[in-house]
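Have the viewer open as you read.

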Amino acid sequence: MAFIDTYFKEVEQRFAVMKQEREPLERAARLLFEAEKEHHTIYTFGSGHSHMIGQDIYARAGGYAKVYPINEIEMTLATHPTKSTTLERTASYADVLDAIYTIEAGDVLLVTSNSGRNPLVIEYTMRAREKGARIIVITSLSHSKTIASRHESGLRLFELADVILDNHAPYGDATTPIDDATSMGPVSTLTGCFLAQCVMGRFVELLKEHGMEAPVFASSNMDGADERNRELFDKYVIKTVK
């Protein structure tokens, strides 16, 4: 039972300090709001386990309908456990993503990487910035600030951000020692998803405060939700998938 109690405390402590992110959360939500006012697009990006933060706000119950993940299956763990690790260390894979997705000036890219050190996420984010996109980063500052970049520029992801959201994960992510050789209990996905949901919720709140359209999915397992959701999928999701 020691692990459960200790891990619970680790998670609880990190959610307690999320109040420190209120100001950057507000700035991130307003970036999205300004983009939506000008009819720009909201993208998410991440590889490995970090892709799950973008997936958590995409096409789901309580999710804003106009979110578009840059997340090819090779960047996940769905087909091979180390393929995404290889790809995230391959800067040139950004060429493939550029051929598939069209990021333009004024769009917003929500990028997640716990370490923020790997070449692909840095390369693709740099290219998005050069195109005029605004960048929101979810990362662990305590990890990223203590390590070297693997990108030829020497930059880490947080150094490319318009807004930084610190997930407060420790160096190495796993929080709770089992013994001297083994630690478990990562927190970056828990806190990263929380931060992303906070941004999206505040963003939709801003849309409604200004009388703007705010399409949000309901759970498909609620009675009567399918018809409404189908309209949103047809309008914002299905027709945009390349």
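Predicted model: local features only at pLDDT ≥ 70, side-chain atom pairs only at ≥ 80, totals over all residues.

A crossing is called right-handed if the near helix is turned clockwise from the far one by less than a right angle, and left-handed if anticlockwise. Two packed helices are described by the angle between their axes and the distance between the axes.

**Helix α5 with helix α6**
- Helix α5 (residues 93–100) and helix α6 (residues 119–130) pack at about 45°, and their axes are 9 Å apart.
- The two are therefore oblique to each other, and α5 and α6 make a right-handed crossing.
- On the α5 side, the contact involves Tyr93, Ala94, Asp95, Leu97 and Asp98, which meet Leu120, Glu123, Tyr124 and Arg127 of α6.
- By class, the residues in this contact are 5 nonpolar, no polar and 4 charged.

**Helix α2 with helix α8**
- Helix α2 (residues 22–37) crosses α8 at roughly 50°, with the axes coming within 8 Å.
- α2 and α8 are therefore oblique too, and their crossing is right-handed.
- Among the contact residues are Leu25, Ala29, Leu32 and Phe33 of α2, along with Leu195, Val199, Phe203 and Leu206 of α8.
- This contact has 12 nonpolar, no polar and 4 charged residues.

**Helix α8 and what follows**
- At 1.5 Å a residue, the 22 residues of α8 (residues 188–209) should span 32 Å, and the end C-alpha atoms lie 31 Å apart, which agrees.
- Just after α8, Gly211 adopts a positive phi of about 70°.

Notes. Residues numbered from 1 in each chain as written. Heavy atoms only, no water. Helix = DSSP H or I, 4+ residues; strand = E, 2+ residues; numbered from the N terminus. Expected span 1.5 Å × (residues − 1). Axes fitted to C-alpha atoms, helices over the stretch in contact; angles between N-to-C directions. Parallel < 35°, antiparallel > 145°, perpendicular 65-115°, else oblique. Contact = heavy atoms within 4.5 Å. Nonpolar A, V, L, I, M, F, W, Y, C, P; charged D, E, K, R; others polar.
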